[in-house]
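Subject: The two-chain model

Hi there,

Here is the structure I promised to send over. Please have it open while you read, and my notes follow just below.

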Protein chains: 2
Amino acid sequence: MDVLIKDALILTQDARREIVRGDILVQDGKISKIAKSIRADADEKIDAKGKLAFPGLVNAHTHIPMSLFRGYAEGMVLHDWLEKKIWPAEAKLKPRHIRAGSMLSILEMVRSGTTCFNEMYIAHMDEVCRAVLETGIRASVGHGLFDLVKKTDAKDELKNGTSLVEKWSGKSPLLNISMAPHAPYTCSEELILLAKGHARKKSLKFHMHISETRKEVFDSLREKGKRPVEYLHSLGVLDENTVLAHGSWVTKRESALAGKAGASISHNPVANLKLATGGICPLHEYLEAGANIALGTDGTASNNCHNMLETMKFAQLMQSHLYWDPLRVSIQNVWDFATMNGAKALGFNAGSIAPGKEADIVLADLRSSNLAPLHDARNLLFSMHPGNITDVLIAGKPILREGKFTELDEQKIIGEAQEAAEDLVSP
Amino acid sequence: MDVLIKDALILTQDARREIVRGDILVQDGKISKIAKSIRADADEKIDAKGKLAFPGLVNAHTHIPMSLFRGYAEGMVLHDWLEKKIWPAEAKLKPRHIRAGSMLSILEMVRSGTTCFNEMYIAHMDEVCRAVLETGIRASVGHGLFDLVKKTDAKDELKNGTSLVEKWSGKSPLLNISMAPHAPYTCSEELILLAKGHARKKSLKFHMHISETRKEVFDSLREKGKRPVEYLHSLGVLDENTVLAHGSWVTKRESALAGKAGASISHNPVANLKLATGGICPLHEYLEAGANIALGTDGTASNNCHNMLETMKFAQLMQSHLYWDPLRVSIQNVWDFATMNGAKALGFNAGSIAPGKEADIVLADLRSSNLAPLHDARNLLFSMHPGNITDVLIAGKPILREGKFTELDEQKIIGEAQEAAEDLVSP
């Protein structure tokens with residue numbers, strides 16, 4: 001299917017970060033040409049006059065089935081919230097719940113300009129993969145592994161990850177499967193090494209929580225004599241295929257280790273603030289060290305949304321706040337984190353509107369009172385909201401057109417999510 | 001005009017903070033009845049099935065004409081930004097620019113659920129008042145006074161404020177005029193006392209910036225031997241009609257002084273973060289001291305939007321972060337700040353959906369992927385965005401219906417704002 005987008009203001013996120021006016025030709029799911037004016041016989045023409053085109057956003061850390069718990073039992077301390085509310089509800093999770101929450105989250109992501117996400121969750125992950133293929137979104141999906149909590153054998157636990165790989169790897173160019181050991185405090189050393197070994201063998205991404213809370217750092221020092229990132233380094237699992245979620249409570253030595261390895265960091269500012277971890281990821285230090293910084297929302301239970309535009313604003317503002325310096329991390333940096341860096345972290349050739357790239361493209365209506373006047377298009381990030389987004393293409397396929405889903409039945413999915421949520425949290 | 005809103009889920013913000021399902025009857029601009037089912041001959045019936053009704057949000061500190069500078073010259077240090085960009089552009093401000101920026105901001109506010117705002121700006125304030133009456137929004141407006149910067153006589157400068165009062169006070173129940181000396185470092189003691197004297201004589205609100213930056217506190221200590229809030233206290237200008245914008249860099253003694261006086265604090269978290277002031281308003285201390293806490297966006301140049309939903313989320317999350325305690329300030333607190341407290345700060349009988357209150361009511365579509373599923377309606381705040389807002393009534397008059405302005409020509413206003421902005425920032 002060929003698509004021709006006409007007359008857009010294009011925030012290209014190309015190598016020169018150019019902002020140009022013109023047309024975009026999409027062929028076979030990829031961007032084939034960008035020019036002032038393109039004449040071509042496309043299957044679909046999209047009039048983008050008065051609209052901003054930007055690369056689809058990449059949510060580099062989330063747990064999408066948890067949208068069923070959005071706004072459930074707020075205002076509790078973490079421990080009570082998990083023990084009394086979330087774990088009892090999660091114990092009831094059946095495939096239909098995972099499906100319902102996943103479909104809901106995908107709708108929300110597309111509506112807010114996200115075309116790709118990095119998923120880790122704990123049960124019935126086949127349903128997440130099915131939802132990815134059914135909706136046409138792009139994703140990296142891993143089964144969260146944790147033998148220490150379950151008190152299972154590392155080799156048995158590993159199978160949850162490897163069987164997902166066997167079943168789904170290579171099924172679609174839209175879907176990558178990752179190995180996803182949950183965290184250093186929930187996984188044995190054996191499991192971490194097995195998971196990374198399998199990831200290396202199969203050229204998979206390796207996705208893990210790290211250094212989210214100060215307690216985690218203290219416990220790690222006490223039990224292992226090393227801080228969490230030092231510990232992963234000592235295991236030899238840091239490399240350019242490793243995606244570390246959070247990485248907030250780190251020393252300069254640790255950010256340097258991550259950077260030297262070329263690892264990706266998924267920073268989740270909203271979740272960190274909401275859970276009151278007290279730690280803000282030192283993006284500048286990771287940048288200087290050469291790490292690949294991406295951004296994520298984390299699950300809706302700790303956010304409570306999948307709005308990457310909001311996360312991008314939080315990310316920039318929290319760095320300004322942290323360093324008392326509004327220039328430490330720029331708006332341009334944040335666009336990079338959420339587009340090209342995110343795509344790189346997850347192993348997709350996307351994140352720029354440039355020839356040869358995957359055609360993951362979002363259009364926002366500039367004729368909106370919160371986006372006017374137009375001075376520099378990249379600065380619109382700080383006032384844009386999901387209501388401004390009109391069109392979303394993923395791999396060249398229009399998923400959202402003029403504010404409507406082309407194929408997905410939005411109200412049906414929302415209704416099914418409501419039913420599934422009530423089923424889980426009813427007494 | 002009578003309006004009957006049918007079948008809403010109502011976040012009342014009444015004395016008991018009830019959330020109920022039912023109908024709302026609006027008569028003569030006021031809420032007259034709330035019940036399970038109301039039969040009445042209204043001029044307009046609004047079907048609110050599947051929608052959340054909440055009191056219109058109050059933006060307790062802003063500079064609305066500055067929306068023309070939204071996204072202009074980001075990424076500069078404050079001093080350069082003001083001297084090289086904003087002040088030269090502001091020097092060109094003519095009435096038509098003030099009008100264009102005001103109209104644009106009012107559109108944006110209504111679309112994001114704000115029905116009332118607290119304004120201070122520096123020129124052609126008649127145009128702001130005209131925009132308020134023309135659009136039907138509710139506002140408290142003051143002419144920002146500053147004799148020290150202008151090097152004018154205090155009595156002459158005062159006239160900017162008093163003449164606005166003479167011209168516009170009592171013109172409409174939607175419009176209050178305030179006295180608005182800019183800040184303790186831009187106003188002489190004489191001007192502050194004259195302004196407060198006039199405010200007391202005419203029963204007006206008194207709106208002033210305070211303790212926004214650490215530098216301001218240091219300078220105040222050096223020059224006056226007192227911290228900024230102590231200084232205002234010593235002048236006797238703190239009382240229940242005083243609205244202090246920011247109040248971030250304060251001691252416990254100062255928050256206690258503000259609380260004891262019954263003053264209002266307008267906290268502007270996004271602007272504080274963006275300008276990297278390093279100070280976060282200690283809401284919990286103000287709450288304990290008995291101050292009336294409200295929230296504002298500040299001007300779009302330091303935000304860059306008038307999205308109060310976003311500001312509410314930032315406010316709660318930053319307190320969680322500041323105290324490493326997610327329960328220090330609750331979501332319910334934040335709803336209070338942005339509704340009833342804001343209305344109280346500005347002197348309007350609004351901020352609750354309760355009989356006798358001004359009918360400033362917002363409807364949001366719950367059949368949205370980012371608002372499902374429904375557990376506790378107040379928690380929807382953390383995932384709601386302006387795109388969810390479908391209807392806005394101010395003083396009982398529908399300004400926005402099903403996502404469309406009933407009378408205002410949105411595209412014309414956006415076009416005029418673009419022209420005005422280009423006029424101001426062209427070389």
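Two residues are in contact here if their C-beta atoms, placed from the backbone, lie within 7 Å. Please keep in mind that this is a predicted model.

Let me start with one residue, B:G161. Leaving aside residues up to four places away in sequence, B:G161 touches B:G142, B:H143, B:L145, B:M179, B:A180, B:A195 and B:H198. You will find B:G161 in helix 5 of chain B, which covers residues 154-168. Is B:G161 buried or exposed? A residue counts as buried if 20 or more other C-beta atoms lie within 10 Å of its own; B:G161 has 25, so it is buried. From B:G161 to B:R227 there are 66 residues in sequence and 26 Å in space, C-alpha to C-alpha.

Next, the core. The largest nonpolar core has 294 residues, and the members that touch the most others are A:I24, A:A53, A:A258, B:I24, B:A53 and B:A258. Taking A:A258 as an example, and again not counting residues up to four places away in sequence, its contacts include A:V229, A:L238, A:L244, A:I265 and A:Y286. In soluble globular proteins, nonpolar side chains tend to be buried together.

Now to how chain A is divided. Domain 1 of chain A takes in 3-55 and 352-405, while domain 2 takes in 57-72 and 105-346. Their C-alpha centres are 28 Å apart. Where they meet, 20 residues of domain 1 of chain A are in contact with 20 residues of domain 2 of chain A. On the domain 1 side, strand 15 (389-394) and strand 16 (397-401) of chain A are the elements that give two or more residues. That side divides into 12 nonpolar, four polar and four charged residues.

Finally, the two chains together. Their contact uses 52 residues from chain A and 52 residues from chain B. On the side of chain A that touches chain B, helix 2 (95-111), helix 10 (269-274), helix 12 (308-323) and helix 14 (410-425) of chain A each supply at least two residues, and helix 14 gives the most, with six. By type, the residues on this side are 25 nonpolar, 17 polar and 10 charged.

How are the copies related? Chain A superposes on chain B by a rotation of 180° with 0.0 Å of shift along the axis (RMSD 0.0 Å), so the two copies are related as by a two-fold rotation axis. In chain A, A:G387 has the C-alpha nearest the axis, 1.9 Å from it. Both copies use the same surface, as 100% of the contact residues of chain A recur in chain B.

Best wishes

Notes. Residues numbered from 1 in each chain as written. Chains lettered and ligands numbered in written order. Predicted model: local features only at pLDDT ≥ 70, side-chain atom pairs only at ≥ 80, totals over all residues. Core = buried A, V, L, I, M, F, W, Y, C linked by C-beta atoms within 7 Å. Buried ≥ 20, exposed ≤ 12 C-beta atoms within 10 Å, placed from the backbone. Helix = DSSP H or I, 4+ residues; strand = E, 2+ residues; numbered from the N terminus. Nonpolar A, V, L, I, M, F, W, Y, C, P; charged D, E, K, R; others polar. Least-squares fit on C-alpha atoms with pLDDT ≥ 70 in both. Domains from an automatic or database assignment.
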